[in-house]
4 protein chains.
Amino acid sequence: MSQYFENVPFIKYEGKTSSNPFAFKHYDANKMLMGKTMAEHLRMSACYWHNFCWQGSDVFGANTFDRAWHKPTNEMEAAKMKADAAFEFFSKLGIPYYSFHDVDVCPEGHSIKEYIANFSAMIDVLEAKQEETGTQLLWGTANAFSNPRYMSGAASNPDPEIFTYAATQVFHAMNATKRLKGANYVLWGGREGYETLLNTDLKRERAQLGRFMQMVVDHKYKIGFTGSLLIEPKPAEPTKHQYDYDTATVYGFLKEFGLENEIRVNIEANHATLAGHSFHHEIATACSLGILGSVDANQGDAQLGWDTDQFPSSVEEYTLVTYEILKAGGFKTGGYMFDTKLRRQSIDLEDMFHAHIGAMDTLALSLERAVKMLEDDQLAALVEQRYARWGHTLGQDILAGKHSLQDLADYALRNNINPSPISGRQEMLENIVNGYIYR
Amino acid sequence: MSQYFENVPFIKYEGKTSSNPFAFKHYDANKMLMGKTMAEHLRMSACYWHNFCWQGSDVFGANTFDRAWHKPTNEMEAAKMKADAAFEFFSKLGIPYYSFHDVDVCPEGHSIKEYIANFSAMIDVLEAKQEETGTQLLWGTANAFSNPRYMSGAASNPDPEIFTYAATQVFHAMNATKRLKGANYVLWGGREGYETLLNTDLKRERAQLGRFMQMVVDHKYKIGFTGSLLIEPKPAEPTKHQYDYDTATVYGFLKEFGLENEIRVNIEANHATLAGHSFHHEIATACSLGILGSVDANQGDAQLGWDTDQFPSSVEEYTLVTYEILKAGGFKTGGYMFDTKLRRQSIDLEDMFHAHIGAMDTLALSLERAVKMLEDDQLAALVEQRYARWGHTLGQDILAGKHSLQDLADYALRNNINPSPISGRQEMLENIVNGYIYR
Amino acid sequence: MSQYFENVPFIKYEGKTSSNPFAFKHYDANKMLMGKTMAEHLRMSACYWHNFCWQGSDVFGANTFDRAWHKPTNEMEAAKMKADAAFEFFSKLGIPYYSFHDVDVCPEGHSIKEYIANFSAMIDVLEAKQEETGTQLLWGTANAFSNPRYMSGAASNPDPEIFTYAATQVFHAMNATKRLKGANYVLWGGREGYETLLNTDLKRERAQLGRFMQMVVDHKYKIGFTGSLLIEPKPAEPTKHQYDYDTATVYGFLKEFGLENEIRVNIEANHATLAGHSFHHEIATACSLGILGSVDANQGDAQLGWDTDQFPSSVEEYTLVTYEILKAGGFKTGGYMFDTKLRRQSIDLEDMFHAHIGAMDTLALSLERAVKMLEDDQLAALVEQRYARWGHTLGQDILAGKHSLQDLADYALRNNINPSPISGRQEMLENIVNGYIYR
Amino acid sequence: MSQYFENVPFIKYEGKTSSNPFAFKHYDANKMLMGKTMAEHLRMSACYWHNFCWQGSDVFGANTFDRAWHKPTNEMEAAKMKADAAFEFFSKLGIPYYSFHDVDVCPEGHSIKEYIANFSAMIDVLEAKQEETGTQLLWGTANAFSNPRYMSGAASNPDPEIFTYAATQVFHAMNATKRLKGANYVLWGGREGYETLLNTDLKRERAQLGRFMQMVVDHKYKIGFTGSLLIEPKPAEPTKHQYDYDTATVYGFLKEFGLENEIRVNIEANHATLAGHSFHHEIATACSLGILGSVDANQGDAQLGWDTDQFPSSVEEYTLVTYEILKAGGFKTGGYMFDTKLRRQSIDLEDMFHAHIGAMDTLALSLERAVKMLEDDQLAALVEQRYARWGHTLGQDILAGKHSLQDLADYALRNNINPSPISGRQEMLENIVNGYIYR
């Protein structure tokens, strides 16, 4: 099998004293923590698009990568080589899951008929590859944003035939995801937004989106897909404004269309920061609303205003995020999906391994730190204690709806209350967290 | 009456050829447009706090203003002088409305009892002043963020007694607003957010807020207040993260607690941009969700990351915003409230007039431009036409829920659809808008 | 000649009452203002790259434009068609200047030899086109950032052969610019920056850049090029950090290498805002340092963190900028170059005209407003007056270096000084400016 | 002595297994690394202003702290109590240095005479305290930004008497710093900038600043002060634009006035990020320009647009920064100064200790990691190797100025060069760094 990455060995866990760049220092797949293996906790997934479709271009520069699988002029032949390379990579890396868009894995063809045929042929290939290697599908999705027909949106397009085209892709991509036993189906509305309000009817476009999502939910039940449906928030890019701006906005949208029990969010770290939030905030918000589905585990650049999709390297950030997820019960169908791309100057095949090894070690180490934080229960206890006064009569009665504003105004005057604030202890709590991270 | 501003004349409309800095160039209160006067369309309001309470300090510097009404050491005496100055200013300026926080107009005292007594005494004063001058109240509100007791939130505080204290203030401020015939009651949750997730339970704090808002709604009906209840979104500042982040977030919150028909938003231009949106976006979003209430008409600084609360000077921006509001039917109870402060170096009393005259002229001119845009109907017609295909069978059937994903996939294949995109014409539309602004 | 744009007429000035979308409302090329025509003041230029090379792709989407001149498979044939289309467009639009990169106008070939031959052949074509149409060259430049060889920089590359490759391109592009009577030669260091400090030696890279710029200056004198040399600042994108961050940074670089009298800046509006400055700031800074060369006249999006290169539509912004430039004596060799691209959804050829007409009208109107502001001299007089105290003895002696810190400390104590601040009058000044813009 | 902090013990090093919140886990003052103690490497300093002057207010809220030393109504008495508290705190914390502004330590009085008398009296007190406790002065500075007289700048003020007032303060603050054996004198131009370009003459204000700085340099030599002079860059806040925007801007300013060998920079982490740079960038830039002086060691909030001055907790960030400083030879006169303030909700005296202990441990751990990185020399060797080709003939000749553009164009053609790019290996380098941080 080893054909594209023959210079790279199968990646193994060697422990943190290893100086072998092609070994894990922290990710020990079968290590048990809180009753599950590391692999089961993290459910890590590599992506098809950045690794096997993108060739190193950026807005100001041409392709820098020179990959064998892009050379064949026959598109289906290239797609098969790409699949060979992809599964060889997943296997050597030892990552349990992968994720794809429909047109990552097959040529989109020149008609719907060709699209269906190509996609179907490649799903056969992927199914065989999954069987052969044991790599599983974390999620599938349809790309309804790259083709020029989607320049003004897919479900929110002013043309219902373009809506229909998108529906067709999602229909086939959902079916393929089910067939490949995908654990989730994701919807990222890369063009569901606007470039200018001058030509846009927000209410109408939101209604179209609501209708589309209802059809997706209906189809899920119809085909018996048991995975989760996930919307991936992003505030902008490529559009000026994207309707699924952030988790809170998606929640409002789901509530508006009565879908809040059917669809969850797939939060991406770099999308969170582009939306003006910390990654931790988006995760905590989704957990508190009960809609966390999965995570696109990457890292943005704090100084750049676009999606850099870097590989995660911050244990400081991922420890907090992992702690939050564990506290909420851990991943169910979701996982940590690396929606990450090499820096354009990292042109060698080896760089794909360096990047993923670093990312997987970052998450493994973060998991270990977070598990310890959770097991000790020190932080959660301090938070609980901060709100303890709400457990007493006044607080309980307020929350139970027993008091009106007037009741409280009377209570306050009668008792001449003058409550004193209590220290929030932020710095002490930060020290406690650092105590876990730098043990 | 003229005592504090004796060097400034009553401000009159003199038309755009006037070079008198103490005259309106565009704001002609009684000019009729689309069946209403300019004054009725714009419903402009000056604020009490920045004009009469703030003394020119900033984070790095002491007070620069030297106002007569801050000199008395007796607090109630100072409050009365402040009211004299305020209504003299409103009258000379010729602005029809004003807005206040409870503790802008009275000393907060050293106990709830004192607070109630002081506030009540000052409401008597304000009522007389309104009567005397004809100035009306656009909205009232309670300041539940400045006192140290609110450092960790008011309704979202970990202490139910602090929640109670805030409820007491809101109770009295709502009652006062009703008595003064205020058109709206506003809630800005300046401390309803978090400094660090490490000590915060998001779900619990949101539940507290939901409960609080329900009590406010109940009280409105109980006292027969017929104005609107408004939440004012802001993403951060003073907190790290404020729960009423932006319009979409507030909408989700209202839906979560079933309050979407009871509470609307008061959108502030500078808060919109701090949240990563254009001001136009926030207005258009609120209109499309049916929750636009009122507007805090100011202007931020595109390069600064905090609330600068500058006076609006951009006709380019306000024309679009005013067009959006007119298109949605215009203000009902709301209006354009100047939540604006002088630059700290603008230390003279005359500067208060320069600033408000410029702001009022900016809005008046924007109104004229927007009215013309709406009357011509050119833009709206182009937008309508862009979505025309949704009026045909396919579009209508989709929106009516007659099609499943599978139906659409079948339709697409059967018809071998290949829809072509149509130009979005953004630049042409921008030219049309500029054609109105620079007529 | 009319072949590509046959549906569009030659664009004429029709005045502001015209409703013809294919006419200028404000740009009246030969109208005299302050002793020069509008055309001479503004020196407007269209660009080759966005209009004739870019095909509507973005990071998440494929080409949306379908231009005839991209169809030929023979690259030189396509280059000639492109030149035909470009000059037809410039002529119909009536814009006096254009600007290009070497590889905009010719295929780069597969060797230096081919590059030279292709470029030379196309310079012949351009020369004939200029002669034929009267369109002139505002500036030429070399693209040393798109080819993968430049992924780690051109002059700042770790490989001196890549430095040499860039030098070769600049050599030929400067020679071509001279031959075509270009008024300026521009250097934009799109890859002169870093992706990560972990692999970067800042001092060494800056030395390489300094050496490169010295060679460019030497070559200018050697070939007798009488135009200006210009560096175009940009903070980032495509790199994480670009060395020519902003005007102040470029000034420091020029001073470090003794080049401050040889090279000026080409300021781009959208680069200014990405660097955290207002466009006005960058222009005023360059004027105050005596290094303003030319302007890339575009407009960014205040909410987006990347270079959107939109067509300028804000008269409010361009009036201030044009006022600043006029105050500093107006453009010498520089001009307003439209480094602007259509929105990707504006796919029709007509959109190219709408966009440029709007931009040219915006600048023409801004010029008219700025001229009036300058002629009245009201603003400049108020600024002068603000500093008047520096004209007295104390101020003059300080600036003349006659006082030490101790002298001043003695003076202050002896005179017991307690100077009072004076109002900065910002709001009044803003009203004055609006009085000119909305006359 | 223990009077204000009697509930807190002297802070000692207990090692990383300690769970005592009032102990250092990593900061072991006398531990030897690379021939110096930790204390000598880090030269950590606490600040007077945030700890002992600020009372917990923010723009939207009143003081939350309730400190004994603010209670006396006699200002000099309060100043002395503050000094008692400050030196008790420094001693208990075991931090070797402190830093102050003139008016932090004394009341500014109502005249220059009073200012001089108060300041002088308090310098006597500080001198005795230093003697008594062994705490040393890292730097002194004058506050020429808080008093209303400075609202429009100090050295850049339109009034030369205000320039003179600032000169007077700096004169006395420099003298005091010398007397107290301060290692540096710092100048932060908090108001040296503009609020609006409409009333500002940039060239004139820069000239005033240049003159001021020359006087400061002259005074240094005159009084024989042997410490360093440092300018602290900041992009904005409180002003709209501050002239000392960032390190590169300060460098250009110093070059313009010939001061680049006399003044260095004091870089603040949070100012770096507000300027759009990473903290690491600013440090590396200053090192590469040879002007790094000292560091204000704090941490901003990636989502907030103002100076939050948080205590540093990121070992990931400080390891890189410390590595950069060590590589450049380590601190000479400078050090890590905590320009940090408690969160406003951290109201207890204990919180001052939690915060500083966490910060000092963060820096100590970062130092250990950075020392190991430097000792291994792996990173520096990889960087060196990346540029190795510049050591060969072509590179050496270019840098030596032996080649013109034409020479290089000839060389390229003659040799038909086609240099290939080499991987930048960013991800591998990030893994190496993480290998040191998480050993």
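Reader: What should I know about the numbering and the rules before I start?

Author: Residues count from 1 along each chain as its sequence is written, while chains are lettered from A and ligands numbered from 1 in the order in which they are written. This is a predicted model, where local features need pLDDT of at least 70, side-chain atom pairs count only at pLDDT 80 or more, and totals for chains, interfaces and linings use all residues; side-chain values use heavy atoms, with hydrogens and water left out.

Reader: Okay, domains. Into which domains is chain A divided?

Author: Domain bounds come from an automatic or database domain assignment. Here, chain A splits into domain 1 (27–376) and domain 2 (380–438). Their C-alpha centres are 39 Å apart.

Reader: How many residues does each domain of chain A give to the contact?

Author: Contact means heavy atoms within 4.5 Å. By that rule, domain 1 of chain A gives nine residues and domain 2 of chain A gives five residues.

Reader: And how do I read the buried area between those two domains?

Author: Buried area is the accessible area (1.4 Å probe) that two parts lose on being put together, summed over both. Domain 1 and domain 2 of chain A bury about 650 Å² between them, with 65% of it on carbon and sulfur atoms. On the domain 1 side, A:Glu316, A:Arg369 and A:Met373 lose the most area, together 59% of what that side buries.

Reader: Which helices supply domain 1's side of that contact?

Author: Helices (H or I, at least four residues) and strands (E, at least two) are DSSP runs, numbered from the N terminus. Helix 11 (315–327) and helix 12 (349–376) of chain A are the elements that give two or more residues to this side. Helix 11 of chain A has the largest share, five residues.

Reader: What is a salt bridge, and how many join these two domains?

Author: Side chains of opposite charge can pair when their charged atoms come close. The rule asks for a side-chain nitrogen of Lys or Arg within 4 Å of a carboxyl oxygen of Asp or Glu. Between domain 1 and domain 2 of chain A the count is zero, but a search of the whole structure finds 76 salt bridges over all chains. One salt bridge inside chain A joins A:Arg206 and A:Glu256, with their closest N and O atoms 3.0 Å apart. A:Arg206 lies in helix 7 (residues 202–223) of chain A and A:Glu256 in helix 8 (residues 247–256) of chain A, so this pair ties together parts that are 50 residues apart in sequence.

Reader: How many residues of chain C are in contact with chain A?

Author: There, 31 residues of chain C touch 31 residues of chain A. Chain C and chain A bury about 2700 Å² between them, 58% of it on carbon and sulfur atoms. C:Phe60, C:Met151 and C:Gln345 lose the most area on the chain C side, together 28% of what that side buries. The rule finds four salt bridges across this interface. C:Asp58 and A:Arg191 also meet in a salt bridge between side chains (2.8 Å, N to O).

Reader: Last one: which residues does UniProt list for "binding site"?

Author: UniProt positions are given in the numbering used here, feature names are shortened, and annotations may be inferred rather than shown by experiment. An unreviewed UniProt entry lists A:Glu268, A:His271, A:Asp307 and A:Asp309. Although spread over 42 residues of sequence, they cluster in space, with a largest C-alpha distance of 10.1 Å. A:Glu268 sits in strand 12 (residues 263–268) of chain A. The "binding site" annotation from UniProt (unreviewed entry) also covers A:Glu232, A:Glu268, A:Asp296 and A:Asp339. Those residues spread over 108 residues of sequence yet cluster in space, the largest C-alpha distance being 11.8 Å.
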